[in-house]
Amino acid sequence: MTVGRFRFMDQQRVNLDGFAVEDASLGLLAFNSPADPEPDLLIVEGRVTRMDGRDESDFDSIDAFIAAHGLDLGVAREAMAIDNTALARMIVDPGVPRSELVRLVAGMTPAKLARVLAALRPAELVIAMTKARARRTPSNQAHVTNRSDDPLLLAADAATAAAFGFREVETTVPVLGDAASNAVAVSIGAAVGSPGVLVQCSVEEALELEMGMRGLVSYAETVSLYGTEQIFIDGDDTPWSKAFLTSAYASRGIKMRVTSGGGAEALMGGAEGCSMFYLEARCVSLARAIGAQGVQNGGIDSASVAGSVPGGVRSMMAENLMVMLRNLEACTGNDALMSESEVRRTSRTHPIFIAGTDFICSGFGSIQRYDNMFGPSQWNAEDIDDYLVMQRDWGIDGGLKTADANEVERLRRRAAEAVRDVYRHLGLAEFSDEWVEQAIDAAGSKDVPAADLMVPLTAARLIRDTEITMLDVARALDECGYEQEAERVLAMLRARVEGDYLQTAAIFTEDMQVLSLITDANDYAGPGTGYQPTPARQHEIDTVRQQRSVEDLRAEQARSRSNRLRVVGPATQGHDPRDVVIGVSAATGRELWVTLSGLPVNDVIEELMAGLEEEGCTGRIVRINDTIDLGRIGLEAARLAGSGIAIGLQAKGTALIHRRDLTPLANLELYSVAPTVTRELYRQLGINAGRHAKGSTPEPARNPYSDEAIEARYHTKVISLVTIERACAQVDGEPETLELTAMESDS
Amino acid sequence: MTRARSGRERDDITLGALRESALGNDDVRIHPETLEHQAQVAEGAGNPQLAANFRRAAELSDLPDAEVLAIYEALRPGRSSAADLLAIADSLQQRGATMNAALLREAAAIYERRGLLQ
């Protein structure tokens, strides 16, 4: 048996994660496997005849496609000749513009770019990402799914996601047959939440394209690429079929990006001994070669595989950077949950979060973990407040904003009712009022027992069989009285005709303006340049719903206002050896009535008095009006006491026992952690003060121990309380005797 | 002014038109000229591959959905013989979809060498 320290450490959540011994033969290493080729490129008469260690006759289908379509041969000789370290420095150097990097990287083979980026340290990756991402304005994508494919809940949650600022919403299905219903419900919900929210439904490639063609979704992302030919074929595609698919989407005016991610090949047993990063370099080169505008990568479904090897988290971030340098939209992973540890998953996301990307999460689970049909995300509904506070902490735009509770309720109602009405109008389904009400209020599908699992299946079948298109949905919305939403749905169809959102890294603002590489190009070139939130946006970032001011605290205290503590006259000197003074702070009973533990100050005083009485002493209440310092309050009170002993009490609940011959900061006993002091402990402090008065030495009262972040919880309140105390204290304020009456008086 | 594939002007894709049942699917489909315009924009932004994609897309924009889906299916591994792919290429070529035809021919050759044919 190991020692207790290790038994204890073994129980920590990080030890639920799997950690792999590096094994190049299995592809279980992040960077630089012995099997990774040395970068090289031979061009003969405008044709690539050798690339990354292979002659043209040995090219597999991935090599062949990249060699034929993926490289700018005009710049290749120049780019391949530059030293890797020199290139790495250019990538980080704010003086080298993004456009120059993009120009050079276009001529680099996968192995070359992998070697260059493997050299960047984490802090350098942050700078490089800040500079290299395509779009100036960062954004974020949400997952909206649930266990029952409940259309009402999907719509309410899509509207909620839009209210929190997500500009792309991705849904998927636990039951493939429900897909069309999910696409319609999420599109309606997103339109209720905000104009211009892009919607996708992740399913098998052909079905996803079909839904896109019918207008049921406004972008696509589930177009997977792999870094070895074998795994590519196992995925039932080739570079040519994927290139065709990419054009098929564009031919209907639909935005799409591809998906890849380090570790996928190792997970599927086909890494061919290569490093995750090199194989991902092939995927990203191929993405550019087939003409995709963007890539979702950074582990993705294999994030936990990449995370299991040394440097794996760094390699996932470097994958994203590779996409940016290939001049593509980067949707930067942080979706599949890669650790059981809160610390580790935060650590994995954080550098990307502070750098900012086109979509920081390629699926922030805006619903609860259990409802995420992709599997739990790295970030989930459980973490939205954390994420908002992290934005505020760092003053950065992570794409989200605080949503008002009343507004979210209104949106959820409208979204659920819109789906109910449209489904009825189109003859797809009927929903009970009970179901609607449950979906509006639900924090997750477990809160919707009224949901009927057959409804989405039937609705989806009818949508496909009767060939309902998004135009039909727009018309139904309009005819059911949802004119605004009809217009928003139509606006997304109009956007297909315009085609501007096909360009790299396109999102829509709430005014339906396209932000992309073309209209909102990243211009970071060092401090003072690049994206800066507008003052209005910064205010959104800074203003979390949990923030409190002094005035908020004053109002909270006023709700417990009491006049039981009243002034009877100036304080007098006591002479009775059993006379113990309870010195209270200046705001006590005037502006403040409740301690940090939530006890009324009057109750605290009663406990102290009762404790003194148990010891045969008499408590006398004196308000000390010339200081806010508890040591001085206690000392001044002790000097007035016949016994020379006093209890000092601040309105916030901090208390001590003082004696007249001590210095202010010395004291006999102290409760310094006011939020944890109970009624019983105040009684004990009264008893001990009485014993001190009688000349004995009691066992000191102790602060109850807590491992909670007491300071984080209460320090902002303390500042407000101290501010109020200071306003009540006067330099020449005379002490006054108080009495605590049994009842509130009418005056 | 951007036009839809049907010829309808972008500004005429309105709720009013929808209410008059004047909008059909071709009124919300992209016009090949628009894709050519986007190709030029992508070229200007340093991405000739994206431009090539938009140009292939322009060629496909007039094909029916079912045919597009069928060609995609034919290109998946093990679905087609070389002759099948070349026949599709010829058919596309005849309709002016030369870039897509070239893509199909290239696929036929590589699939042959890499064992990806039916």
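Colleague: Which residue in S5(A) stands opposite Ala142(A)?
Modeller: This is a predicted model, in which local features need pLDDT of at least 70 and side-chain atom pairs count only at pLDDT 80 or more, while totals for chains, interfaces and linings use all residues. Residues are numbered from 1 along each chain as its sequence is written, and chains are lettered from A and ligands numbered from 1 in the order in which they are written. Strand S4 (residues 141-143) and strand S5 (residues 168-172) of chain A pair in the parallel sense over 3 bridges, where pairing needs at least two DSSP bridges and helices (H or I, at least four residues) and strands (E, at least two) are DSSP runs numbered from the N terminus. In S5(A), the residue opposite Ala142(A) is Val169(A).

Colleague: Why does the distance between the end C-alpha atoms of helix H26 of chain A agree with its length?
Modeller: Helix H26 of chain A covers residues 601-614, which makes 14 residues. The expected span is 1.5 Å times one less than the number of residues. The end C-alpha atoms of H26(A) therefore agree with expectation, as the span should be 20 Å and they are apart by 20 Å.

Colleague: What is the radius of gyration of chain B?
Modeller: Chain B has 6 helices and 0 strands, and its C-alpha trace spans about 55 × 35 × 20 Å along its principal axes. By the rule of 2.2 Å times the number of residues to the power 0.38, with the radius taken over C-alpha atoms, a compact globule of 118 residues would have a value near 13 Å, but chain B has 17 Å.

Colleague: Which helix supplies the largest share of the side of chain A that touches chain B?
Modeller: The contact, counted where C-beta atoms placed from the backbone lie within 7 Å, takes 56 residues from chain A and 44 residues from chain B. The largest share of the chain A side, 10 residues, comes from H12(A).

Methods. Two residues are in contact if their C-beta atoms, placed from the backbone, lie within 7 Å.
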